[in-house]
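Q: Hi, I'm new to this one. Could you walk me through it?
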Amino acid sequence: MTQEGRVRCNFGPTWDVTIEDLKVFLGILIYQACYPEPNRRRYWFAEEEEGEVNVVHDLGQYGMSHRRFERMMQCFRLPEYPMDCEKPDLCIRVRKFLDSFNEHVNRRFKPSWCMVVDESMAQWKGVGMPGLMYVARKPTPLGREMHTTACSETRIISFLERYEGKDVMAQAPLVKDYSKSSAVALRCTKPYWHSGRVVVIDSAFSS
């Protein structure tokens, strides 16, 4: 992020991002996902706006100004796999992140005896999202559908798979040997095969 800021965003040689900066930055992103606001500036207000009743977030108290946060947003980039020009990949910008997330959680986290497989939505936040979709039955219907596996006791998600459209998903692993829904459930639980755990799924995954 330091290099991105100096080279791509022209923030100059004095621009520097520490590990502590990244921790605060990521914490603020998680906080914003939990407490959505129409304008990011509101997270740094230390008191209510005149004539309005708002939640006072005052995130500046944690050592990062709104200006610095926005600058870090400008140069924040996820690691990417090389682009294959012959096979366009709409998810190329997040695929390596998701693969790394799954590998890291599988290596570091030991879930309880019971796992839950479900469909969730990555909510659209007003910025570009390849494969944007609307699923009316979901509490946040506009976004991108994800297949997830979570520990029933800690509620920690241990596996993520993006739904990439029927044509791409028809080529996903295990589809040739099982129905599409069953293949999803098997992919989501593959790290826990033969571990003796109980897996809970709804009827959508058994068709």
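A: Happy to! Let's start with a definition: a disulfide is a pair of cysteine sulfur atoms within 2.5 Å. Keep in mind that this is a predicted model.

Q: Okay, so how many disulfides does that rule give?
A: The count is zero.

Q: Is cysteine 34 buried or exposed?
A: Cysteine 34 is exposed, with a relative accessible area of 51%, where exposed means over 50%. Cysteine 151, on the other hand, is buried at 2%.

Q: Switching topic: where is tryptophan 15?
A: You'll find tryptophan 15 in the loop between α1 (2-7) and α2 (19-34). It counts as buried, because its relative accessibility is 5%.

Q: What does tryptophan 15 touch?
A: Leaving out residues up to four places away in sequence, its contacts include Met1, Arg68 and Cys75.

Q: What about phenylalanine 69, which helix is that in?
A: Phenylalanine 69 sits in helix α3, residues 66-74. With 0% relative accessibility, phenylalanine 69 is buried.

Q: Which residues is phenylalanine 69 in contact with?
A: Setting aside neighbours within four places in sequence, they are Phe25, Ile28, Leu29, Gln32, Arg40, Trp44 and Met64.

Definitions and conventions
Residues numbered from 1 in each chain as written. Predicted model: local features only at pLDDT ≥ 70, side-chain atom pairs only at ≥ 80, totals over all residues. Heavy atoms only, no water. Helix = DSSP H or I, 4+ residues; strand = E, 2+ residues; numbered from the N terminus. Buried < 20%, exposed > 50% of the residue type's maximum accessible area, 1.4 Å probe, protein only. Contact = heavy atoms within 4.5 Å.
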